[in-house]
Amino acid sequence: MGDQAKEIEAAATPILQDFKAPVFTDNKLVLYFHPYNFYSQKVLLVLYEKNIDFTPYVVDLCNGEQYSSWFLNLNPKGDVPVLQDGAFIIPNSTHIINYVESKFRGANHPVLKPEQSSSQYDQVMVYENAVGRVPVGALSLGSFVHDDLKLVPKAPFIGPVRQSCLKNNDKVLDLLRRSVDELESNKSALKQKLDIQIRRKDLVSCRDDFQRVLDAVRHVLLYVEQELSKKAPRNEWLTGDEVTLADISFGLLLHRLYQLGFENYYWSFGKLPQVEGYFLRFKQRQSYHKLQPSNFEILKEMWAKTPGNYKLGAGAGFLVGHI
């Protein structure tokens with residue numbers, strides 16, 4: 001390879017930035033997360049439902065902050081979310097939820113996960129396991145690739161953000177490869193993550209393979225539709241009159257499907273009326289509204305993702321629409 005070719009390749013290769021660790025002066029819980037990450041959203045909903053005060057820290061996933069040395073010290077896998085409670089570091093959404101469920105109890109902190117000895121616990125875990133098997137990352141990525149699905153996406157997955165997500169996925173994959181090559185520690189965990197990411201990319205690139213993902217989601221929705229039909233109109237939520245972890249998981253799955261534009265594909269127009277009604281109830285919860293970014297934040301995100309040569313026309317159109 002010639003020197004010029006090497007220079008071009010080096011310029012195209014993402015560079016691992018040296019992010020500095022954040023410093024917090026109070027003793028509140030700290031949640032390291034990303035607002036569009038599914039499992040971060042799940043933990044956020046749990047914290048909101050349980051009325052738990054915390055300090056949010058958004059990890060810059062697009063530029064590889066999750067592979068910086070300070071973050072890998074928190075979670076060697078380089079994944080969000082991570083919860084910090086003083087000296088205690090809890091990675092993984094499941095572990096975080098178990099931790100806050102055991103620590104925060106009482107009248108001000110509703111129980112979301114019933115006692116293991118109860119029959120309701122078994123019901124909750126059936127839904128948890130069903131939703132947990134859905135490959136949400138592949139579902140999201142594939143929806144950006146296959147235009148034949150004729151989806152109707154919502155903010156933030158609209159306009160230039162969709163293509164930017166695909167480009168960022170490739171960029172983050174390159175950053176992960178570089179981390180595996182350059183970092184001395186955490187190689188095993190990062191190598192495992194790299195293998196998973198590559199398999200996910202291969203999965204969504206094939207339309208037939210992606211259809212199997214879509215069919216798996218449909219099976220989950222059909223199961224819930226049947227269960228809701230048995231319980232209607234007695235129960236408002238999946239396992240009773242109170243929201244549980246099952247509702248957070250399933251409601252969040254519906255939210256992601258809705259944002260990606262799958263509602264017409266799966267439940268609208270009378271396809272799954274119980275699921276549709278359930279989602280309408282879920283969207284009325286205060287925790288759901290807290291999860292939504294403001295219109296300003298969405299517009300700022302879209303503007304940041306818009307290529308420069310489109311910004312003049314887009315800006316003019318924006319001004320015309322808002323005068």
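# Close-up views of helices and sheet

**View 1. Helices α6 and α9 form a left-handed crossing.** A crossing is called left-handed if the near helix is turned anticlockwise from the far one by less than a right angle, and right-handed if it is turned clockwise. The model is a predicted one, in which local features need pLDDT of at least 70 and side-chain atom pairs count only at pLDDT 80 or more, whereas totals for chains, interfaces and linings use all residues. Residues are numbered from 1 along each chain as its sequence is written, and side-chain values use heavy atoms, with hydrogens and water left out. Helices (H or I, at least four residues) and strands (E, at least two) are DSSP runs, numbered from the N terminus. The axes of α6 (residues 136-145) and α9 come within 10 Å and cross at roughly 125 degrees. Axes are lines fitted to C-alpha atoms, for helices over the stretch in contact, and angles run from 0 to 180 degrees between N-to-C directions. The helices α6 and α9 are therefore oblique to each other. In this scheme, angles under 35 degrees count as roughly parallel, over 145 as roughly antiparallel, 65 to 115 as roughly perpendicular and the rest as oblique. Ala138, Leu139, Gly142 and Ser143 of α6 meet Phe210, Val213, Leu214 and Val217 of α9. Contact means heavy atoms within 4.5 Å.

**View 2. Helix α5 passes α9 in a left-handed crossing.** The contact involves Gln123, Val126, Tyr127 and Ala130 of α5, and Val220, Tyr223, Val224, Glu227 and Lys231 of α9. The two axes come within 10 Å and cross at roughly 155 degrees; α5 and α9 are therefore roughly antiparallel to each other.

View 3. The 14 residues of α5 (119-132) reach 20 Å from the first C-alpha to the last, close to the 20 Å expected at 1.5 Å a residue. The expected span is 1.5 Å times one less than the number of residues in the helix. Which residues of α5 are buried? They are Tyr121, Val124, Met125, Tyr127, Glu128, Ala130 and Val131. Buried means under 20% relative accessible area, exposed means over 50%, and partly exposed lies in between (1.4 Å probe, protein chains only). An α-helix has 3.6 residues a turn, so residues three or four places apart point the same way.

**View 4. Four strands form an open sheet of mixed pairing, in the order β2-β1-β3-β4.** The edges are taken by β2 (54-58) and β4 (88-91), each with a single partner strand, so one side of each has no neighbour in the sheet. From one strand to the next, the twist averages 20 degrees. Two strands pair if DSSP finds at least two bridges between them. Strand β1 (residues 29-33) pairs with β2 in the parallel sense over five bridges, and Leu29 stands opposite Phe54 in β2. Helix α2 packs on the sheet and touches β1 and β2, and its direction makes about 155 degrees with that of β1. Strands β1 and β3 run antiparallel and are joined by three bridges; Val30 has Gln84 in β3 as its bridge partner.

**View 5. Strands β3 and β4 form a hairpin with two residues between the strands.** These strands run antiparallel and are joined by four bridges. Asp85 has Phe88 in β4 as its bridge partner. In the hairpin, Gly86 takes a positive phi near 65 degrees. Helix α4 (residues 93-103) lies across β3 (82-85) and β4, running at about 130 degrees to β4.

**View 6. Thr94 lies in helix α4.** Thr94 has a relative accessible area of 41% and is partly exposed. Between Thr94 and Lys42 there are 52 residues of sequence separation and a C-alpha to C-alpha distance of 9.4 Å.

**View 7. Ile198 is placed in helix α8 (residues 187-205).** Its relative accessibility is 29%, so Ile198 counts as partly exposed. Ile198 touches Leu173 and Arg177, when residues up to four places away in sequence are not counted. Ile198 and Leu173 are 25 residues apart in sequence, and their C-alpha atoms are 8.0 Å apart in space.

**Setting of the views. The protein chain has 15 helices and four strands.** Of its 323 residues, 44% are buried. Among the contacts in the chain with a separation of 6 or more, 71% join residues 24 or more positions apart.
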